[in-house]
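Here is a short note for a colleague opening this entry for the first time. Please keep the sequence and the 3D view side by side.

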Amino acid sequence: DKLVGFGAIPEPVAKFILGAVKCRASTVISGGTGSGKTTLLNALSAAINEDERLITIEDAAELQLQQPHVARMETRPPNIEGKGEIRQRELVKNALRMRPDRVILGEVRSEEAFDMLQAMNTGHEGSMATIHANNPRDALTRLEQMVMMGGMKISETAIRGQIASAVNFIVQATRLSDGSRKVVSISEVTGMEGAVVQLQEIFRFERTGTTDEGKVQGHFAATGLRPKFLDEMERRGVHMPEGMFDPSTRY
């Protein structure tokens, strides 16, 4: 509600992405440093049912989940002798033994991306993570590069297949030139076409100009594409209003 009040995301768009999270869509929040990714992850976690068991994995504890069944795991740097390090990759592997309904990664930054994709593909739908990237297509490329960091002998096509079947939505956050933080795009991963992961943008922020004080002006618009995940949302009883995805719609 506060993000809607600040103008970071319009209310209908917020309702859509909250509905998708409620229906266990696996979501990656992408953006630059200071763009509000963790804040957004905290806000989206409000849509998660209180009956679900969540495991969070972070470098530094920043997430503030309100659900009763939350197990929090943190990485640990090596000691002065270079021993005792606990990396995110080990934590993701251990988290999967703890019967989670969803795994929430504070930030994907290295080879743990592979384990995260495995988790999303093996019955932990609705898992969420943040990633540093400039746009949704870059986020997919970075995920692919991170899997390769693990030295796995997997073809690029196989990695992209994993990404396409694991991730449902990419929410792009950015910090605009006037210092305001805004969600600028919501894109859906729709599958593979040949060796390319297919992305379709559902909503985007269209910048129209800048005021004399330097404030960015613009509006949100639907692209006119109907999300594939909408059928699953309706099966689970989450309905979106008519005309929400009409390309003439402005927020």
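Predicted model: local features only at pLDDT ≥ 70, side-chain atom pairs only at ≥ 80, totals over all residues.

1. **Strand β1.** Start with β1, residues 27–31. Five of its five residues are buried, so the strand counts as mostly covered. Thr27, Ile29 and Gly31 point one way. Val28 and Ser30 point the other way. Residues on either side of the strand are buried.

2. **Partners of β1.** Strand β5 (residues 128–132) pairs with β1 in the parallel sense, over five bridges. Within that pairing, threonine 27 has methionine 128 as its bridge partner. β6 also runs parallel to β1, and five bridges join the two. There, valine 171 of β6 stands opposite isoleucine 29.

3. **The largest nonpolar core.** This core holds 40 residues. Phe16, Ile186, Phe203 and Met233 touch the most other members. Several elements each supply at least two residues, including α3 (37–44), β7 (181–193), β8 (196–210) and α8 (230–235). α2 gives the most, with six residues.

4. **Phenylalanine 16.** Which residues are in contact with phenylalanine 16, leaving aside its neighbours within four places in sequence? They are Phe169, Ile186, Phe203, Pro227, Leu230, Met233, Met240, Met244 and Phe245. Apart from the core of point 4 lies another core, of 32 residues. Met116, Ala129, Met146 and Val197 are among them.

5. **Leucine 117.** This residue sits in helix α5 (residues 112–121). Is leucine 117 buried or exposed? Its relative accessibility is 3%, so leucine 117 counts as buried; the cut-off is under 20%. Beyond its neighbours within four places in sequence, leucine 117 is in contact with Val147, Gln162, Ile163, Ala166 and Val167. Valine 167 is 50 residues away in sequence, yet the C-alpha atoms of leucine 117 and valine 167 are 7.9 Å apart.

6. **Helix α6, length and ends.** α6 has 14 residues, 136–149. At 1.5 Å a residue it should span 20 Å, and its end C-alpha atoms are 20 Å apart, so the two agree. At the start of α6, a side-chain oxygen of asparagine 135 comes within 3.2 Å of the backbone nitrogen of arginine 137. Glycine 151 follows the helix, with a positive phi near 70°.

7. **Helix α6, buried side.** Pro136, Ala139, Leu140, Leu143, Glu144, Met146 and Val147 are the buried residues of α6. They cover an arc of only 160° around the axis, so they lie on the same side of α6.

Terms used:
Residues numbered from 1 in each chain as written. Heavy atoms only, no water. Helix = DSSP H or I, 4+ residues; strand = E, 2+ residues; numbered from the N terminus. Expected span 1.5 Å × (residues − 1). Buried < 20%, exposed > 50% of the residue type's maximum accessible area, 1.4 Å probe, protein only. Arc of directions from axis to C-beta. Polar contact = N/O pair within 3.5 Å; in protein donor to acceptor, adjacent residues only side chain to side chain. Core = buried A, V, L, I, M, F, W, Y, C linked by side-chain atoms within 4.5 Å. Contact = heavy atoms within 4.5 Å. Pairing = 2+ DSSP bridges.
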